[in-house]
Amino acid sequence: KTEGLTVYVHDGKEYVSDKEHICILPKNSSYIFNCKKEGLCLMLELETLDNLSLPLMSVKVNNIDEIINEFYKIEHALNFKTSGKRFSAVKGAYSILEKISDQLNLEYSSPKTNELLAPAIKYIEENLDSSAPSNEFLASLCNISCVYFRKIFTKKFSMPPSKYITMLKIQRAKGLIIGDSVSMTDISTSCGFSSIYHFSKMFKKHFGISPTEYVKKQSKNKTTD
């Protein structure tokens, strides 16, 4: 927004969209919104190659004028350029995402937070083949309270620990599916899922298709190439 104020509500949490905050609303996410003050709203809609599971978020940005300028560059390219306009638009979109990402890194990746969470992150990454550890256990590795651990973890990764762990497991499973002819049962076990049913359910939730359908899609793409 260049002016005005809208508040989005998801799972009881509010996400502000105004001149200082950019809202990211993933496809198929559910929310309600209340436009508290009218104003011009600039929107960028894009599709990714994979059905990424992204959190709904509100990002406070310090470089808003630079981001707004990128929006107008995209508009100008699409409306007035006769050649290379698609490339210019994609370039502008990536520039906007890069500026938002830089802001997130500044806000959520302080050296102190990284240092505090390092033992938990190390344990998670080294034990993806096991069942997900509890917040209490991870907090004890960091020598901080469970409440504080969950707070700073969620702030840094924009998702709670349980969701972050599941995301890593699914990404690992996806890599195994692409890179080797391992059975779905073995992949499910090596990624710490309680059953192949649970693995298939979570995979489809993240990528929109079942593991078997994903394998067929990859095989078809290789054949086409």
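Helices here are DSSP runs of H or I with at least four residues, strands are runs of E with at least two, and both are numbered from the N terminus. On that count the chain has nine helices and five strands, and its elements run β-β-β-β-β-α-α-α-α-α-α-α-α-α from the N terminus on. This is a predicted model, so local features need pLDDT of at least 70 and side-chain atom pairs count only at pLDDT 80 or more, while totals for chains, interfaces and linings use all residues. Residues are numbered from 1 along each chain as its sequence is written, and side-chain values use heavy atoms, with hydrogens and water left out.

**The chain as a whole**

- Of the 225 residues, 35% count as buried; buried means under 20% relative accessible area, exposed means over 50%, and partly exposed is in between, with a 1.4 Å probe and protein chains only.
- Take the contacts (heavy atoms within 4.5 Å) with a separation of 6 or more: 62% of them come from residues 24 or more positions apart.

**Two loop residues with positive phi**

- N143 sits in the loop between α4 and α5, and its phi is positive, about 60°, although N143 is not a glycine.
- With 71% relative accessibility, N143 counts as exposed.
- D11 is in the loop between β1 (5-10) and β2 (13-17), and here too phi is positive, near 55°, in a residue other than glycine.
- D11 counts as exposed at 74% relative accessibility.
- Between the C-alpha atoms of D11 and S30 there are 8.8 Å in space, and 19 residues in sequence.

**K37 on strand β4**

- K37 belongs to β4 (residues 32-37) and is exposed, with a relative accessible area of 55%.
- Setting aside neighbours within four places in sequence, K37 is in contact with G4 and L5.
- V7 is 30 residues away from K37 along the chain, with 9.7 Å between their C-alpha atoms.

**Helix α1**

- The buried residues of α1 are I64, I67, I68, E70, F71, I74 and A77.

**Nonpolar cores**

- As background, nonpolar side chains tend to be buried together in soluble globular proteins.
- A nonpolar core is a set of buried Ala, Val, Leu, Ile, Met, Phe, Trp, Tyr and Cys residues joined through side-chain atoms within 4.5 Å.
- The largest one has 16 residues, and L117, I124, L138, F149, F153 and Y164 have the most contacts inside it.
- The elements giving two or more residues to this core are α3, α4 (135-142), α5 (146-157) and α6.
- α3 provides the largest share of this core, with four residues.
- L138 touches A120, Y123, I124, P133, F149 and I165, leaving out residues up to four places away in sequence.
- Apart from that core lies another, of 13 residues, including I22, M57, I74 and I100.

**Cavity and pocket**

- Both are found on a 1 Å grid over the protein atoms alone: a cavity is a set of points where a 1.4 Å probe fits but cannot get out, and a pocket is an open set with protein on both sides within 12 Å along at least five of seven lines.
- Lining residues have an atom within 4 Å of a point; grid points are joined across faces, edges and corners, and a volume is the space filled by probe spheres set on the points.
- Searching the whole structure turns up one cavity of 30 Å³ or more, and the largest cavity holds about 30 Å³ of space.
- Its lining is made up of Y123, I124, N127, L128, S130, S131, A132, P133, I165 and K169.
- Two or more lining residues come from each of α3 (111-126) and α6 (161-179).
- The second largest pocket holds about 560 Å³ and has 20 lining residues, with L44, E45, L46, A89 and A93 nearest its centre.
- α1 and α2 (85-108) each supply at least two residues of that pocket's lining, and α2 gives the most, with six.
- By class, the pocket lining has 15 nonpolar, one polar and four charged residues; Ala, Val, Leu, Ile, Met, Phe, Trp, Tyr, Cys and Pro count as nonpolar, Asp, Glu, Lys and Arg as charged, and the others, Gly among them, as polar.
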